[in-house]
Amino acid sequence: PLSPQEVIRKRNAIFKHQSQKDRPVFPGDDAREFWVRAEDRTRETARCYDKLGMAEYEAMEAFVRFHY
C-alpha cells in the first residue's frame, strides 16, 4: 500500500532515472509518460482491492510471479 506522500516519493524516484522519466522505450498503444502510467496502474490496483473489501489506500503496488 502507498500513502499520498509515498506516491509523490515514487514519482520523484522515477524522475531520477533518465530511462524512466519520459516515454517508455516500448510504449505499445499507450503514449503516456512512464510516471503517469505507473501512478494510474497503482491507483487502479488500490481501487480493485478496495472493491474486494480490503483497506482503502491512495495506491498499491502488486507483483506478479511469472513461471518459466
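This passage describes the fold, the side-chain pairs and the surface of a predicted protein model. Residues are numbered from 1 along each chain as its sequence is written, and side-chain values use heavy atoms, with hydrogens and water left out. Because the model is predicted, local features need pLDDT of at least 70 and side-chain atom pairs count only at pLDDT 80 or more, while totals for chains, interfaces and linings use all residues.

The protein chain holds 2 helices and 0 strands. Helices (H or I, at least four residues) and strands (E, at least two) are DSSP runs, numbered from the N terminus. Of the 68 residues in the protein chain, 18% count as buried. Buried means under 20% relative accessible area, exposed means over 50%, and partly exposed lies in between (1.4 Å probe, protein chains only). The accessible surface of the protein chain comes to about 5,700 Å². Carbon and sulfur atoms account for 54% of that surface. Accessible areas come from the Shrake-Rupley method with a 1.4 Å probe; for residues, only the protein chains shown count as cover. Among contacts in the protein chain with a separation of 6 or more, 39% are between residues 24 or more positions apart. Contact means heavy atoms within 4.5 Å.

A search of the whole structure finds 1 aromatic pair. Phe 15 and Trp 35 form this pair, which is edge-to-face. The centres are 5.7 Å apart, with 70° between the planes. Rings of Phe, Tyr and Trp (its six-membered ring) pair if their centres lie within 6.5 Å; planes under 30 degrees apart count as stacked, over 60 as edge-to-face and the rest as tilted. The pair links distant parts of the chain, 20 residues apart. Phe 15 belongs to helix 1 (residues 4–15), and Trp 35 to helix 2. Phe 15 counts as partly exposed because its relative accessibility is 36%. Trp 35 is also partly exposed, at 22%.

Charged side chains form the next group. Side chains of opposite charge can pair when their charged atoms come close. A salt bridge is a side-chain nitrogen of Lys or Arg within 4 Å of a carboxyl oxygen of Asp or Glu. By this rule the count comes to 8. Arg 32 bridges to Asp 30, with the closest N and O atoms 2.5 Å apart. Arg 32 also bridges to Asp 40, at 2.3 Å between the closest N and O atoms. Arg 32 is partly exposed at 34% relative accessibility. Asp 30 is partly exposed at 21%, and Asp 40 at 33%.

Arg 43 forms a salt bridge with Glu 58, with 3.1 Å between the closest N and O atoms. Arg 43 lies in helix 2 and Glu 58 in the segment after helix 2, so the pair ties together parts 15 residues apart in sequence. Arg 43 is partly exposed at 24% relative accessibility, and Glu 58 at 33%. Salt bridges that share partners join Arg 11, Glu 39, Arg 43 and Glu 58 into one network. Glu 39 counts as buried because its relative accessible area is 10%. Neighbours within four places in sequence aside, Glu 39 is in contact with Val 7 and Arg 11.

Other residues of helix 2 were also examined. Glu 44 lies in helix 2 (residues 34–51). Glu 44 is partly exposed, with a relative accessible area of 37%. The side chains of Glu 44 and Arg 47 are joined by a polar contact of 3.1 Å. A polar contact is a pair of N or O atoms within 3.5 Å; within protein, one must be able to donate a hydrogen and the other to accept it, and residues adjacent in sequence count only if both atoms are side-chain atoms. Glu 44 and Ala 59 are 15 residues apart along the chain, and their C-alpha atoms are separated by 7.3 Å. Thr 45 also lies in helix 2. Thr 45 is buried, with a relative accessible area of 18%. Leaving aside neighbours within four places in sequence, Thr 45 is in contact with Met 60 and Ala 62.

Tyr 49 is another residue of helix 2. Tyr 49 counts as partly exposed, at 31% relative accessibility. With Leu 52 and Met 54, Tyr 49 forms a nonpolar patch on the surface. Together the three have about 320 Å² of accessible area. Patches are made of residues with over 30% relative accessible area and no salt bridge: like charges are joined within 9 Å, nonpolar side chains (Val, Leu, Ile, Met, Phe, Trp, Tyr) within 5 Å.
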